[in-house]
Amino acid sequence: MEQSAEELNKIEKKDLFTSGHRACGGCGQALAARLVADASGENTIACVATGCLEVFSSPYPDPSWRIPFLHSLFENAAAVASGVEAAYKALNKGPVNIIAQGGDGSTADIGFQCMSGMFERGHNVLYVCYDNEAYMNTGVQRSSFTPLGARTSTTPMGNKTRKKNMPLLAADHGIPYVATATVDDFRDLQRKVKTALSIEGPKYIHILAPCPLGWGHHGELSVQICRLAKDTGIFPIYEIVDGKVTNVLKIPVKVPVEEYLKLQGRFKHLFKKGQPTPEVAEIQEIANQNIARFNL
Amino acid sequence: MEKLPLGLVIDLNQVVPYKTGSWRTLMPVNIMQVPPCTHACPAGNDIRGFLRVLAEKEDYEEAWHVLARTNPLPATCGRVCPHPCEAGCNRRDFDSSVAINCSERRVGDYGLEHNLEHKKLVSGRKEKIAVVGSGPAGLSCAFHLAKRGFKVKIFEAYGEPGGWMRYGIPPYRLPNYILKQEIDNILRLGIDLECNVKVGVNIPLDQLTREYNAVFLGVGAQKGLGIDVPGKDADNVYTGVDFLKQVNSGKWMEIGKDVVVIGGGNTAMDCARVSKRLGANVSVVYRRTRMEMPAITAEIDEAMEERIMFRYHTNPVKLVTDEGRVVGIFSIQMELKEPDASGRARPVPITGSEAFIPADTVIMATGQAVDYDGIDVQTVDNQWMYTNEHLMTSMEGVFAGGDAVAGLETVALAIGQGTQAASAIEDYIEGNVESNLAQPPVVYSRDLNTYYYNKQKQFNKEAVSIHTRLKNFREIYPSFDLKDIIEESKRCFSCGLCFHCGNCYMYCPDSAVKISPSTGGYEFDLDFCKGCGLCAKECPCHYIQLTLEK
Amino acid sequence: MLKQIEGSRAVAECVAMCRPNVISAYPITPQTHIVEDLAMIVGQGKLDAEFINVESEFAAASVVLGASAAGARAYSATSSQGLLLMCEVIYCIAGMRLPIVLTCANRAISAPLSIWNDQQDSMAMRDAGWIQLHAEDNQEASDLHIQAFKIAEQTSLPVMVCMDGFILTHAYEPVDIPEPKQVDDFLPPFLPKNIVDPRSPKGIGLFADPRFYLETRYILHRAMEKSEETIKEVSADFAKTFGRNSGGFIKTYKLEDADLVIVSMGSVVGTIKELIDRMEEEGKKVGLVQICSYRPFPRHEIYNVLKDKMNIVVLEKSISLGRGGILASDVRWSFPRAEKKDRNISSFIAGLGGRNIPMDDLRYMVEKVEKEPVELEFLGLKNELISEKDL
Ligand SMILES: Cc1cc2nc3c(=O)[nH]c(=O)nc-3n(C[C@H](O)[C@H](O)[C@H](O)COP(=O)(O)OP(=O)(O)OC[C@H]3O[C@@H](n4cnc5c(N)ncnc54)[C@H](O)[C@@H]3O)c2cc1C
Ligand SMILES: Cc1ncc(C[n+]2csc(CCOP(=O)(O)OP(=O)(O)O)c2C)c(N)n1
Ligand code: SF4
Ligand code: SF4
Ligand code: SF4
Ligand code: SF4
Ligand SMILES: [Mg+2]
């Protein structure tokens, strides 16, 4: 479907994912899920992986979805979506938007294989990863997206490894569209969802979705934290269209990572009596590398 | 209980959502707050209101009506007001204040260009009110009372209405036709105006108190005060206001080649600039420095542009006369010592620093006083009129406002007091107990989330060249472009009131911000709101605040 | 039409005649030939279906899950490790009441790795809420697939058709392959009950808190039990349409006046029947109860046919380690407590990891239980391979 720039930039609020879900107050993932659902519109099927999103949004008898919702397991959203797509093809139904979605754990860890398979086979499915950088649903355990230094319940001394770079891994499957987004810029996020859905084939959108519970910030800061994640270079915003990085969001004024870290309880131990520990410099280095790599 | 469906599959259109509102401990509320511009505006103008109308609807007519709710003289204020609103504007902390004053002028002018008329709120009340004086205080009071249906009559001592707006402020700042149109428009509400009647002299005040249900005194401070120096009674020595009154009455003044203006206020600036336009070399003599001058900065700047000479630290000790005419002044240099009661540095003479300044005319713009002739009300320190908190003087049913009460102030303040007095008079007539509604709090920069605003240059008004402006008394700032002002209005942050940015609506993770079917505005669905505070945090203008759940 | 054909090919052709819309599988011996054949059938355009080559059995099961939830008739096949890798999805499919059909080419489970036949793999899934049908030979294997889709779609329960790996899958036997028209008449098009469709949005796969979960399992259990009727009906229907008996709940052989009854399932019943015939000649009355529907378990049928039999031996190709014969305990459970006292139900485990079950071993088993009941014995065990210290 060709869409005009105007249509792509239109902000959508349809409440296709709506009130009544059990997410924590200020949950970035709940917000992101609604922005995605609303951007994709009524003609959409959501295939959701087990995780916070699924648990807070789909309890019997009052789920929050108003578009068809299909959940089966933690690790197979992409495969289930592949099956749905195959069925639509086989039954000559559609067109329909099929969106597989899940947390960072179900995307990059346990569900990596299913997602990789879906990409490689070329299903016409959009995969959306709600990245809250840990296994939140089970009580904030480390995932391969947990950033360096972050404290989780299984990295009580702070995580020692760097975050897996899923968007680039996705792009290396040769899929036509990859994008990153955060919940603070809903226009951008929704434009990316619509753009993705207008492209035939597998697509991947990686959304940073702050988790007040797991990150240790007050819910009201979820949007601000996204902004800082961008402005520090910690979370670069870009698209990869047919393998080429484009539309990189330039950082207007570069902010030191401390500003980002300090708002979050999971990084609290990185500051001793208000003074940053050496890990902070290492995190700054990661941000700097992002800035250099993507020319932010 | 509902039977379990096969495979627990349910129809999503039939879902009765679970109410998460019970989780809430904090609750978002919409609190309309007073923006600091309005807080600082002595007339209490709904600045945010008219700017939003311009920004959102580009509707000058509606904007005019918004302004006219408080201020019947927007075109006038838009020219002469020292705009304390802009000093208060939150945008100042971001880039530069909104050009409120220029916007007000453009809206006021639009009203005049399109003959927009004021609307009565109520009509046909039988009570009669007498307003003494047709300065901004009297006009404002009459205006607000007439809108509420009262029968109003204004008594004015001079031949034309307007007070100092007419006889003080020179036309290059406020063209007479602008003022006249605005006044006519006010009078069109059915207000009677009788000029050339000086209450207390031509007609006793008690007659008014007898014949009218209430009286408002907006008599201003019409008497010019000079300084007590030898030679002050010479023919070619004027007080500032007398001088301006004569010029503005259309009288040609022979002022000679050299004019010395004594004083540092707005009147002094006006006298100096008028004199300059009458062809003289003008010097302003002031005891302190530019820093301490009470005149509006812009006025001083403009005066300097117009090559008026400023002599600071200079105090006249004597006017040198020759055959009953002043030929110059003897002055002494002053130095500044520790501040006096007014907080300004105290000037002390330096002995032996006397100097002679030649002058064909001396203008003493050094103060004004209330003319109490025939008006026997209690005063404060023998100077300004005493009023209680409802602006009622010592005489029952006689109210007052403007310069006569507040001292030498501004047009806007006079308008504000006129408005206030109108309400007080209505309450007085209706026997209302005071309605003491708590004012909403003022919203300051630190409360705003300025992330959502973009830096943008302020609208800049352009004066005509010095060369042309000194040739005549024509207005020095030509009219502004309608589009420019629309752009400027978009700079307004809408501090403390929703401007429909949609942030709360889009950001609420619980979709608990709904569009009200009745108003079209945003409202909270407390059945679902969890009180996370995201909406409040991301509301740019602080219209949303979190309060403790009841 | 009778064809001399490999078991896998026969099954593939029958599955194709059922017109599945989506097929997804991952290769594992001995299932491979089935999916290769299906891939060819689809590839040649003889079947209009999506054939999804996935990266794992887990994905295969998930793909058919998704496809079924989207309204497709969906099919998969696997074996052994593959089935175990699917395990999570297997449970999920049943809980979601998706009528998927899957072939299990029965094979042993690692470790040690073995590609040869036993029935431990499907046994491991017996509690998942799938109907499990066991084929005796390739004719039945083929026929059961045609029945399976019908049973699944009528009951909203998934069906696993089990056929012994290699012994059936790779065996060339004459099989009567039906005409497509016959199958079309027998098997109506799939009319899914609940599907993901934007025109009528449904929530599928919701989670149930403790207020509801128990009931969902109860309902599923009752559905499994109730599927007995459907299984029988469909089998009877099949017999009517195709003129041969296939499937059903249980089958018996020379049971009437048998003194000793063997209970078993799968391809081994062929050898057992041969033994019974020989022993009959020798004057011994041995009978057979052959279980076709392992889940739901034909408890009442077994009781009904065996209530007068006092000597029963259960022969099976799987074991619950640390407990014993699984089928044996199912059979033992089929008799009310009071009646068990003087009834001997012996348990033999045989053929694990593809070990041949020669007639002699079976004869040994019969003769042994004629003398005394056997709690548990591994048939054909080579003691010489076992070090004393490992026991
Ligand atoms: C030269 C000059 C320049 C100024 N420039 C500015 C400026 O740029 N911006 C600004 O905001 N303010 C300015 N001001 C101040 C401003 O004009 C006054 O604060 C304002 O006009 C006060 O309004 P008012 O209604 O109280 O009194 P006035 O304007 O003084 O009006 C009083 C009216 O009452 C009449 N009156 C008095 N006694 C009687 C009576 N007994 N019976 C009948 N009528 C009577 C008078 O004739 C007069 O018309 C200036 C003042 C002067 C003198
Ligand atoms: C196979 C399997 N392993 C583990 C779990 C337990 N589990 C459920 S959700 C979850 C973590 C989810 O993390 P993520 O995908 O990042 O989503 P989040 O909850 O953080 O949004 C885990 C470990 C499971 N459901 N299934
Ligand atoms: S734990 Fe985190 S991701 Fe889960 S609902 Fe709460 S805020 Fe959202
Ligand atoms: S930004 Fe607008 S509302 Fe805020 S103080 Fe300035 S003029 Fe007033
Ligand atoms: S966030 Fe925007 S729309 Fe919501 S109340 Fe504030 S100004 Fe209005
Ligand atoms: S963002 Fe939504 S849930 Fe949070 S306080 Fe505002 S209305 Fe309530
Ligand atoms: Mg996570």
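# Exercises on a three-chain model

In chain B, strand 13 and strand 14 form a hairpin with five residues between the strands, and B:Gly343 takes a positive phi near 90° there. Helices (H or I, at least four residues) and strands (E, at least two) are DSSP runs, numbered from the N terminus.

The model is predicted: local features need pLDDT of at least 70, side-chain atom pairs count only at pLDDT 80 or more, and totals for chains, interfaces and linings use all residues. Residues are numbered from 1 along each chain as its sequence is written, chains are lettered from A and ligands numbered from 1 in the order in which they are written, and side-chain values use heavy atoms, with hydrogens and water left out.

**Exercise 1. Describe the pairing of strand 13 of chain B with strand 14 of chain B.**

Step 1. Two strands count as paired if DSSP finds at least two bridges between them. Strand 13 (residues 325-339) and strand 14 (residues 345-349) of chain B are joined by five bridges, in the antiparallel sense.

Step 2. Pick out one position: B:Met334 lies opposite B:Pro349 of strand 14 of chain B.

**Exercise 2. Give the strand order of the open sheet of 10 strands and find its edges.**

Step 1. The order is 8(A)-7(A)-5(A)-6(A)-4(A)-3(A)-1(A)-2(A)-9(C)-1(B), and the pairing is mixed.

Step 2. Strand 8 (244-246) of chain A and strand 1 of chain B are the edge strands; each has a single partner strand, so one side of each is left without a neighbour in the sheet.

Step 3. Now take the links between chains. Strand 2 of chain A and strand 9 (residues 202-204) of chain C run parallel, with two bridges. A:Leu70 has C:Ile204 as its bridge partner in strand 9 of chain C.

Step 4. Strand 9 of chain C also pairs with strand 1 (residues 10-11) of chain B, in the antiparallel sense and over two bridges. Here B:Asp11 has C:Lys202 as its bridge partner.

**Exercise 3. Describe the interface of chain A and chain C.**

Step 1. Count the residues in contact (heavy atoms within 4.5 Å). Chain A gives 39 residues and chain C gives 36.

Step 2. State the buried area, which is the accessible area (1.4 Å probe) that two parts lose on being put together, summed over both. For chain A and chain C the value is about 2900 Å², with 67% from carbon and sulfur atoms.

Step 3. Look for salt bridges (a side-chain nitrogen of Lys or Arg within 4 Å of a carboxyl oxygen of Asp or Glu). There is one across this interface. A:Arg121 makes a salt bridge with C:Glu55, and their closest N and O atoms are 2.7 Å apart.

Step 4. Name the elements on the side of chain A that touches chain C. Strand 1 (44-48), helix 3 (52-57), strand 2 (69-71), helix 4 (77-90) and helix 6 (112-121) of chain A each supply at least two residues. Helix 4 of chain A has the largest share, 10 residues.

**Exercise 4. Describe the interface of chain C and chain B.**

Step 1. In contact are 16 residues of chain C and nine residues of chain B.

Step 2. The two chains bury about 1100 Å² between them, 73% of it on carbon and sulfur atoms.

Step 3. The count of salt bridges between chain C and chain B is zero.

Step 4. On the side of chain C that touches chain B, strand 9 and helix 8 (213-242) of chain C give two or more residues.

**Exercise 5. Which residues come nearest to ligand 2, and which chains surround ligand 2?**

Step 1. A residue is near a molecule if one of its heavy atoms lies within 4 Å of it. Of the 18 residues around ligand 2, A:Cys52, A:Asp104, A:Gly105, A:Ala134 and A:Met136 come nearest.

Step 2. The surrounding residues come from chains A and C, so the site is shared between chains.

Step 3. List some distances from an oxygen atom of ligand 2. An N or O atom in the side chain of A:Asp104 is 2.8 Å from such an atom. A polar backbone atom of A:Ser106 is 2.8 Å from an oxygen atom of ligand 2. For the side chain of A:Asn132, the distance from an N or O atom to an oxygen atom of ligand 2 is 3.0 Å.

Technical notes
Polar contact = N/O pair within 3.5 Å; in protein donor to acceptor, adjacent residues only side chain to side chain.
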